[in-house]
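The explanation follows the model.

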Amino acid sequence: MKNNNNKKKKKNQEINYSAAFISQDQFNTFVDNIKIEILNSKPEQIEFQLQGVDAPIANALRRIMIAEVPTMAIHKVYIYQNTSIIPDEVLAHRLGLLPIQADPRLFEEKEDDAEYNENNSIKFSIKVKCQKKQTYNNHSQKDLENLDPEKYLENAIVYSGQFKWEPIGNQKERFKENIIKIVHDNIIVAKLRENQEIIAEVICQKGMGKNHAKWSPVCTAYYRLMPSIKILEPIQGKKAQQLKEKCPAKVYDVINNQAKVVNEIECTMCRECIREDEELNQKLQLGKEQDNFYVIKKIIYIYIQINKYIYINIYIYIYLFLYLYFFSYC
């Protein structure tokens, strides 16, 4: 009986993969070893390096970004007039995917039986009619046949920027510094021809991507293992220059007449640097780090200070995920 217990204990101690821990101390050590470095941050894209975790954790973080970050999105569409060629249901679907510039943290989630109010909703309206421009009023239809409709018609294309925000309650005062609007003004909503019009109102509410894609804050979130390139022996002179020119991703450079790895993160493992060259094949070692991930998140819109919010919340999401995962095994 004693031997069996020792075997079980030994077997448990051999567990060696992310989120499988013997004790709370091991869990805390694992969390402390996680490192995140933001490599590139733009209004619509963030790239960061995630170290100290395995693929399941990186993938869980990716899925959280896609499905569990709240945003505001158009949920109700009231179409009063639509004489365009786009059916009402298709138009409503297109409107639902327009990204809204509004901080979801300042809004409540609407309950099913609750009324829309200033705390749980945003309202936009649009009233647009396509008409001939005044300068073309005296032109016959035959004269206009060979012209682009956008040239002689007003509102031939309906853009997202034509939607007007209609503050509810005290929203005008609350958001006077951060005006609520559709993120981009140049998204094509519909195309109209003479005398066609669209009159509609839309209501936005808070939600998450796991309920519907319109609430997903990202259009793409993916990761890949970080490349690992080691120069085993010095590469100098003409060979160094040759190596630099062979790499399509510009990973190498020649410094002091010697080849150096200067842009490792851009390596795609195409192996062009060692292809058909036995000398370089012997001097270079190409691989990937198993616990180091390069994460790219292309954002539709999240109304936040991206450097602060993403950095802090990535840690929160990872910690909560690991915490729940750990106690599910206990």
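Strands E1 (residues 35–42) and E2 (residues 45–51) run antiparallel and are joined by seven bridges. Helices (H or I, at least four residues) and strands (E, at least two) are DSSP runs, numbered from the N terminus, and two strands pair if DSSP finds at least two bridges between them. A hairpin of two residues links E1 to E2, and Asn40 has Glu47 in E2 as its bridge partner.

This is a predicted model, in which local features need pLDDT of at least 70 and side-chain atom pairs count only at pLDDT 80 or more, while totals for chains, interfaces and linings use all residues. Residues are numbered from 1 along each chain as its sequence is written, and side-chain values use heavy atoms, with hydrogens and water left out.

In soluble globular proteins, nonpolar side chains tend to be buried together. Here the largest nonpolar core has 32 residues. Such a core is a set of buried Ala, Val, Leu, Ile, Met, Phe, Trp, Tyr and Cys residues joined through side-chain atoms within 4.5 Å; buried means under 20% relative accessible area, exposed over 50%, and partly exposed in between (1.4 Å probe, protein chains only). Elements that each supply at least two residues of this core include helix H4 (88–96) and strand E5 (122–129). Ile122 and Phe163 are among the residues with the most contacts inside the core.

Leaving aside neighbours within four places in sequence, Ile122 is in contact (heavy atoms within 4.5 Å) with residues including Met72, Ile100, Trp165 and Val202. Phe163 lies in the loop between strand E8 (157–159) and strand E9 (164–165) and is buried, at 9% relative accessible area. Phe163 and Val202 are 39 residues apart in sequence, and their C-alpha atoms are 9.4 Å apart.

Ser121 sits in the loop between strand E4 (100–101) and E5. Ser121 is buried, with a relative accessible area of 0%. Not counting residues up to four places away in sequence, Ser121 touches Phe107, Tyr116, Ile168, Gln171, Ile203 and Cys204.

A second, separate core of 15 residues includes Ala240, Tyr252, Met269 and Leu286. In helix H8 (residues 237–246), Ala240 is buried together with Lys239 and Leu243. These buried residues fall within an arc of 100 degrees seen down the axis of H8, so they line one face of the helix; the arc is that of the directions from the helix axis to the C-beta atoms. The face of H8 turned away from the buried side carries exposed Lys238 and Glu245.
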